Every structure is written in C-alpha cells, then in structure tokens.
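Hi there,

I am passing this structure on to you, as promised. Please have a look at it, and then read my notes below.

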Amino acid sequence: MLQFWQNVKEELEYNLITQKELASAIGISYNTLQSWITKDRLPDAEQALKIANELKTSIEYLVTGKHEETKSINPNLLSVIPKLNHLSNENRKLIGVIAERLK
C-alpha cells in the first residue's frame, strides 16, 4: 500500500473520522475512495488537497509521512509522536496542559 493511504488511515484514526465520512466530506462516493485505496491509486491533486484539508494535515505529510513543523524537532522526541496518537482524548488534553506549562 502506498504510504499516502497508510498516512490517510492514521490521520482518520487520529481525527476519529471514518472513511465514509471522509468520502462524503470531500464530495466523492465511498466506493470511489475504497477503489483508490484497494487499487493503490493516488487521487488527483485537487482531491488530495481536499483529503489533507479534511484531515487537518498537509499533502506533504500524506505523501512523505513528514510534517514541515517536525523538521526542527529533536529526533529523540520525534519517536514519541506516533505513540501520542494512540492516547485517549482525555490523555491528549493532559499532555497539552503539561506541554503548555513547560513553555
């Protein structure tokens, strides 16, 4: 599977959005989205941008797996980020509070 779709699936999970909801939000049928994923086909640029916007991320991240803002983050801290995605919303908020106090 293309990294693009792996990253889309991770962002769907992070944002608590289903594939059906994503398809509806970007104005395509669920079957079209499923076809792209199962046939490992990239959407056109306009649809990719809609997907990125709906998932509150960038096309760069969906294609490469790298966020622009993470380029300046210490590599040791980068390894922690994926683990944060699996926390409950309550724990994410707690981490956010702690991070704000550390500033």
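In which helix of the chain is confidence lowest, and in which is it highest? Confidence is lowest in helix α6 (residues 75–78), with a mean of 70, and highest in helix α2 (residues 19–26), at 96. The score here is pLDDT, the predictor's confidence in each residue, from 0 to 100. Helices are DSSP runs (H or I) of at least four residues, numbered from the N terminus. Over the chain the mean pLDDT is 86, and 87% of the residues reach 70 or more. Where pLDDT is low, the predicted coordinates should not be read in detail.

Two notes on how to read everything else. This is a predicted model, where local features need pLDDT of at least 70, side-chain atom pairs count only at pLDDT 80 or more, and totals for chains, interfaces and linings use all residues. Residues are numbered from 1 along each chain as its sequence is written, and side-chain values use heavy atoms, with hydrogens and water left out.

Now to the aromatic rings. Searching the whole structure gives two aromatic pairs (ring centres within 6.5 Å, taking the six-membered ring of Trp; planes under 30 degrees apart are stacked, over 60 edge-to-face, the rest tilted). Phe4 and Trp5 make an edge-to-face pair, 4.8 Å centre to centre with 85° between the planes. Both Phe4 and Trp5 are buried (under 20% relative accessible area; exposed is over 50%, partly exposed in between, with a 1.4 Å probe and protein chains only). Together with Trp36, Phe4 and Trp5 form one aromatic cluster.

Next, the charged side chains. Side chains of opposite charge can pair when their charged atoms come close. The whole structure holds one salt bridge (a side-chain nitrogen of Lys or Arg within 4 Å of a carboxyl oxygen of Asp or Glu). Lys50 forms this bridge with Glu46, and their closest N and O atoms are 3.8 Å apart. Both residues lie in helix α4 (residues 45–54), four residues apart, or about one turn of the helix. Lys50 is partly exposed, at 33% relative accessible area, whereas Glu46 counts as exposed at 53%.

Happy exploring!

Note on methods: Helix = DSSP H or I, 4+ residues; strand = E, 2+ residues; numbered from the N terminus.
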